[in-house]
Amino acid sequence: MTGQTTVRHTAPAVGRRDRPTAVPERAEAPVAAGEARLVTGEPGCGRSRFLDRAARVFTAGPVVHVRADPAAATVPYAGLRVLLGLFAEPNAHRPAAPPRNGRHGLDPLDAPSADAALRSALRTASADGPLLVCVDDAHLWDPVSRAALGRLGRDPRAAGAVALLLTAPGHRPLDPEFAGIPPLRLDPLTAAASAALLDEETGGSLDRGVRDDLVAEAEGNPALLLALLRSLTPAQLRGRAPLPRPLADAELLTGLVGGCPSALTAEEEQVLLTAAAAVREAEDGSAAVAPVRRALARLTGGAPAARLDPPPDLLVLGDGRLRFRSALVRRALYARAGERGRRAAHRALAAQETGLPGLLHHAWAEPADAATATDGTAAALATALAAAAADPAVPASPRLRCAALARAADLTGDGPYQARHRLAAAQQALLAGQPHRALRLLDAVRTGAPDAELRGRAELLRGAALLRDGPVDEARATLLLAKSLLAAHAPAAALAATLGAADAAWAAGDVPGCLEALAEGRGEKEPEAPSGTPAGPGAASPDPAASLASGDDVLREHRRGMLALLERRFGAAVRSLRRVVDAAAPGDRVETLLRAAAAALLMGDLVGARGAATAALVAARTQGEAAALGPALEYLAYTELRAGRHGLARTHAEEGLRAAHRAGQRNTAAHHHAAQALAASIDGDADAVARHVRHAQDISLRHGLAQAATLAEWALARADLGDGRPAEAADRLGPLVRPGPGRGHFAVWMLAVPCFVEAAARAGRGGSAGPVVEEFAEWARFGADPQAPAQLLRCRALLAPPDRADGLYESALALHDTAGGDFERARTEFLYGQWLRRRRRLREARDRLGAALVGFERCGARAWAEQARAELRANGTSAGGARAGDLSALTPQQLRIVHHVAGGATNREIAQALTVSTRTVDYHLRKVFAALGVRSRVELARLVEQTEKTPAHP
């Protein structure tokens with residue numbers, strides 16, 4: 001075996017310009033000393049690139065990288081000899097020659113000696129520090145070497161401070177030798193990561209439409225994505241020449257999977273083709289076994305293939321269903337079968353399936369030019385397909401309905417019916433989370449739509465797609481065009497376009513644009529609330545028993561509520577928005593429930609927002625509307641952030657980000673990044689804040705998302721404030737909350753005012769916050785934020801003279817009792833306790849600071865909890881009742897770091913000594929500084945010296 005081998009003793013830190021991989025970006029190595037992982041994934045998923053990247057980020061010690069040689073797969077001990085030869089080579093910076101037979105004490109009949117030799121060599125190599133061993137394509141090693149490697153992977157600690165990474169394909173059964181090694185599967189790239197990879201490869205010169213075509217065709221497989229890119233001409237790359245159809249042909253797909261299995265019998269080929277046809281549009285990539293078996297019996301006349309006994313390295317059978325181990329292999333098998341074979345398979349399946357699936361298989365069995373036939377068969381089939389896909393009583397996912405409607409359009413000649421089928425297919429594609437497919441269908445509708453209504457409906461869907469994934473200014477213009485085209489023909493659709501255009505302007509922070517979109521109906525008179533009547537989340541509708549009759553009524557009330565809110569007619573806004581919330585009920589359409597969640601958030605009705613968003617999430621999952629999952633989880637994340645339940649908000653945002661990536665919704669993803677940044681900002685996780693802010697701002701800058709950008713900036717400022725840097729927080733928040741061209745989004749900046757006032761006051765700049773507090777007072781009177789009244793009193797206390805501050809803090813805490821929310825109450829307790837301590841009212845300060853610490857810990861606000869502990873120590877008491885500066889309060893890991901610091905070691909040196917990252921060392925040091933009340937490494941070293949000189953008390 002003479003595969004590629006490398007050894008090095010240092011590894012450069014990973015750079016931000018790294019090419020995207022098939023897994024999320026990792027700042028640290030995926031394994032530590034004493035751990036092993038088996039990296040798997042389908043062909044082309046990037047296993048080798050992942051290993052290369054893992055080697056670059058492993059900075060704790062040397063890295064050994066071995067790539068298997070398939071030619072030596074049958075030579076006993078060949079793999080071990082190459083690996084062991086590396087450790088025997090005096091100059092470890094260059095590959096070693098394979099050792100001769102008998103070297104290292106390897107006995108062909110003695111597996112224990114092989115294990116002993118391998119572990120002995122690894123223990124010696126890792127004696128001075130951790131060692132990373134990477135074995136690429138470990139499944140190609142000879143059986144004896146695989147077995148030794150597998151035993152090492154199940155017990156890596158037996159070889160010393162060794163980290164082990166193996167790769168093996170995930171589209172074939174796992175080698176039994178590797179059973180028990182924790183797997184790390186590389187999932188497909190997200191649409192955003194795929195687009196970033198193409199931008200990097202082309203320097204951003206690729207036409208946007210072509211890029212989206214390639215991303216959709218590759219389905220997250222990086223090797224296929226790059227192969228498609230290389231197959232295009234310069235004119236095609238720039239969008240000046242049509243792309244080939246299909247983009248991924250049989251030759252390209254077969255080449256990527258190594259020629260597909262070449263040793264298949266004709267019966268096995270038929271089994272695999274029929275299975276591939278059965279799962280062509282399946283939501284989960286699986287199909288029922290029974291229809292496939294019956295179809296095979298029809299195709300083979302009852303031959304043995306009907307037993308459905310396929311090669312186990314390609315198909316998995318279980319629980320009455322089948323699925324392919326690799327989507328790429330399935331596509332290659334289907335493509336190379338040829339049109340005649342594919343049509344025969346679909347015809348056989350059509351005879352076994354009923355309902356919409358059966359009709360669709362029957363349609364795929366028709367020839368490509370069926371639309372030109374004169375016997376009317378294709379037209380009748382298209383009509384039946386479209387009718388079944390449009391029938392809500394027919395059980396089918398949006399993805400299946402889209403496929404049926406698109407095929408109905410293909411079987412229909414040019415004309416209005418074809419355009420209508422494509423329009424309906426595009427709508428289902430959007431619901432299924434396939435925006436690119438929808439846009440391509442809409443392109444065809446745009447060129448063939450015979451009337452204004454069809455063109456308007458196409459623009460309405462295009463604008464809806466852009467609103468979730470595109471420049472929001474373009475979305476607004478598109479939706480306004482749809483509104484003008486639909487006004488005379490479809491008033492309900494025009495109303496939907498109106499609200500969509502307002503949503504786009506809202507996302508951009510464009511108040512005049514919102515007012516323009518909502519302008520129709522501004523003459524309607526809304527009765528104002530009587531003088532002195534509070535308007536807020538608890539305000540009742542004039543007729544509590546009244547309900548909205550239809551979805552159109554919901555849209556009209558939502559439009560009125562938004563318009564009244566922007567015109568500062570708060571009483572009218574609350575009444576209209578309240579009707580929208582009250583009209584929603586579980587089981588309603590997803591869009592109606594999302595509107596109710598949005599309306600409730602505008603009013604600050606967190607209970608209503610949580611209920612409507614949860615119902616929307618359940619409905620989206622039940623109905624298979626993948627496109628609604630991200631928005632529903634976005635509303636849930638923001639609801640929990642407003643309620644102060646940051647851990648739950650982070651959970652919703654994490655799931656929502658995955659859903660947004662799957663559905664190709666970058667704008668929705670930006671909001672989930674912003675929500676995660678806000679949640680992490682109270683957790684003291686500065687790296688997570690910076691990472692999510694970077695992603696949110698990247699998308700916001702490209703698509704004009706002022707709201708997401710403002711939320712991200714607020715998260716950075718809140719992280720500064722939580723980490724004890726009020727001046728930096730005030731500098732960051734000032735432009736967002738003060739009047740002027742740089743002011744943040746109109747729906748966000750008021751929420752950030754309490755942070756700004758706190759930061760300015762703690763930085764000694766309280767005088768600059770006065771005017772903003774008065775604007776915040778008007779916002780608090782509206783009642784859209786249940787925390788605002790208590791926050792207003794806290795802001796006034798921060799700026800008030802000593803004789804008034806005491807009472808304001810007490811009043812703020814009384815309001816917190818009714819508003820709820822651990823985090824905001826804890827912040828008020830903390831600021832009050834800090835104020836009391838500075839006035840030497842130490843007993844009262846201790847009570848307030850102790851309550852603040854409990855509140856911060858309860859809601860996971862670790863950064864603020866550290867500040868509360870520091871204040872308690874300054875007050876003369878530690879959080880646990882111990883003296884400030886007591887080393888016994890530290891964890892064992894913190895004590896080890898402290899002693900290294902006292903010895904003069906740098907963070908990097910400490911990280912290498914303890915086999916951790918420098919960021920981990922920095923994290924622990926910040927906690928140590930806060931726990932001990934020291935401000936520098938010099939003070940820490942002095943404290944350690946004094947502690948060691950002081951004899952312990954008996």
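**Figure 1. Strand S4 and its buried side chains.** Leu 131, Val 133 and Val 135 point one way from S4, whereas Leu 132, Cys 134 and Asp 136 point the other way, and all are buried (under 20% relative accessible area, with exposed over 50% and partly exposed in between; 1.4 Å probe, protein chains only). In a regular strand the side chains alternate between the two faces of the sheet. Strand S4 covers residues 131-136, and six of its six residues are buried, so the strand is largely enclosed by the rest of the structure. Helices (H or I, at least four residues) and strands (E, at least two) are DSSP runs, numbered from the N terminus. This is a predicted model, in which local features need pLDDT of at least 70 and side-chain atom pairs count only at pLDDT 80 or more, while totals for chains, interfaces and linings use all residues. Residues are numbered from 1 along each chain as its sequence is written, and side-chain values use heavy atoms, with hydrogens and water left out.

**Figure 2. Parallel neighbours of strand S4.** Strand S3 (residues 63-67) is joined to S4 by five bridges, and the two run parallel; two strands pair if DSSP finds at least two bridges between them. Val 66 has Val 135 of S4 as its bridge partner. Five bridges also join S4 to strand S5 (residues 162-167), again in parallel. Here Leu 131 has Val 162 of S5 as its bridge partner. From S4 the chain crosses through helix H4 (residues 143-154) to S5, in a β-α-β crossover that is right-handed (with the strands pointing away from the viewer, the path from the first strand over the helix to the second runs clockwise).

**Figure 3. An open antiparallel sheet of three strands.** The strand order is S7-S9-S8, with antiparallel pairing. Strand S7 (286-288) and strand S8 (315-318) are the edge strands, each pairing on one side only. The twist averages 25 degrees from one strand to the next; axes are lines fitted to C-alpha atoms, for helices over the stretch in contact, and angles run from 0 to 180 degrees between N-to-C directions. Four bridges pair S8 with strand S9 (residues 321-324) in the antiparallel sense, and Leu 315 stands opposite Phe 324 in S9. Helix H10 (residues 266-278) lies across S7, S8 and S9 and runs at about 100 degrees to S9.

**Figure 4. Helix H28 and the helices that cover it.** The 17 residues of H28 (residues 646-662) should span 24 Å at 1.5 Å a residue, and the end C-alpha atoms are 24 Å apart, which agrees; the expected span is 1.5 Å times one less than the number of residues. Among the buried residues of H28 are His 646, Arg 650, His 652 and Leu 657. Their cover includes helices H27 (629-643), H29 (666-681), H30 (686-703), H31 (706-722) and H37 (822-838). Just after H28, Gly 664 takes a positive phi of about 65 degrees.

**Figure 5. Helix H24, a mostly covered helix.** Helix H24 (residues 570-583) reaches 20 Å from its first C-alpha to its last, close to the 20 Å expected for its 14 residues at 1.5 Å a residue. Eleven of the 14 residues are buried, including Phe 570, Arg 575, Arg 578 and Val 581.

**Figure 6. Confidence along the chain.** The protein chain averages a pLDDT of 82, and 86% of the residues score at least 70; pLDDT is the predictor's confidence in each residue, from 0 to 100. Over residues 90-105 the pLDDT is below 50, and this stretch has 27 contacts in the model beyond near neighbours in sequence (heavy atoms within 4.5 Å). Where pLDDT is low, the predicted coordinates should not be read in detail.
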